[in-house]
Amino acid sequence: RIGFAVELVIIVAATALTWVSEPDAHNLAGPVVVAMPALAMGIQNAMVRVHGEPDIATNVMTVTFTGIFTDSTPAGGTGRNWRRRVTSVGLFMAGAALGGLLLQFGTV
């Protein structure tokens with residue numbers, strides 16, 4: 001629980017820093033605001049491993065979904081690579097469904 005609480009504090013602190021400063025590439029706030037969520041994501045991945053899900057790369061799905069939405073035309077993007085990203089998500093979901101189905105027959 002402590003790890004998740006620390007992750008939350010880091011995310012809230014990064015959000016607060018963006019409110020009180022103008023982070024960009026020309027001041028220290030920019031790299032700090034980028035590093036804080038990266039640190040939080042590292043903690044998240046460590047917590048996922050500690051709590052019994054050792055091979056789930058939560059950051060892969062997060063990055064893929066973020067790319068789909070932020071690069072979309074409604075968000076002002078070009079929509080590039082959306083087919084590959086949606087296919088990736090679909091294959092991930094299909095793999096999870098197949099894995100769940102196979103568990104009905106026992107574990108190895």
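Visitor: Is serine 72 buried or exposed?
Guide: Serine 72 counts as buried because its relative accessibility is 17%; buried means under 20% relative accessible area, exposed over 50%, and partly exposed in between, with a 1.4 Å probe and protein chains only. This is a predicted model, where local features need pLDDT of at least 70 and side-chain atom pairs count only at pLDDT 80 or more, while totals for chains, interfaces and linings use all residues. Residues are numbered from 1 along each chain as its sequence is written, and side-chain values use heavy atoms, with hydrogens and water left out.
Visitor: Where is serine 72 found?
Guide: Serine 72 sits in the loop between α3 (58–70) and α4. Helices are DSSP runs of H or I with at least four residues, strands are runs of E with at least two, and both are numbered from the N terminus.
Visitor: And what does serine 72 touch?
Guide: Leaving out residues up to four places away in sequence, serine 72 touches Gly77 and Gly79. Contact means heavy atoms within 4.5 Å.
Visitor: Different topic. How many salt bridges does the structure hold?
Guide: The structure holds 1 salt bridge, a side-chain nitrogen of Lys or Arg within 4 Å of a carboxyl oxygen of Asp or Glu. Aspartate 71 forms it with arginine 85, and the closest N and O atoms are 2.7 Å apart. The pair links distant parts of the chain, 14 residues apart: aspartate 71 is in the loop between α3 and α4, arginine 85 in helix α4.
Visitor: Are aspartate 71 and arginine 85 buried or exposed?
Guide: Both aspartate 71 and arginine 85 are buried.
Visitor: How many aromatic pairs turn up in the whole structure?
Guide: The search finds 1 aromatic pair. Rings of Phe, Tyr and Trp (its six-membered ring) pair if their centres lie within 6.5 Å; planes under 30 degrees apart count as stacked, over 60 as edge-to-face and the rest as tilted. The ring centres of phenylalanine 65 and phenylalanine 69 are 6.3 Å apart and their planes are at 15°, so the pair is stacked.
Visitor: Why are phenylalanine 65 and phenylalanine 69 separated by about one helical turn?
Guide: Because they are 4 residues apart in helix α3. Phenylalanine 65 counts as partly exposed at 35% relative accessibility, and phenylalanine 69 counts as exposed at 55%.
Visitor: Last one: how many helices and strands are there in the protein?
Guide: The protein has 4 helices and 0 strands, in the pattern α-α-α-α along the sequence. Of its 108 residues, 19% are buried.
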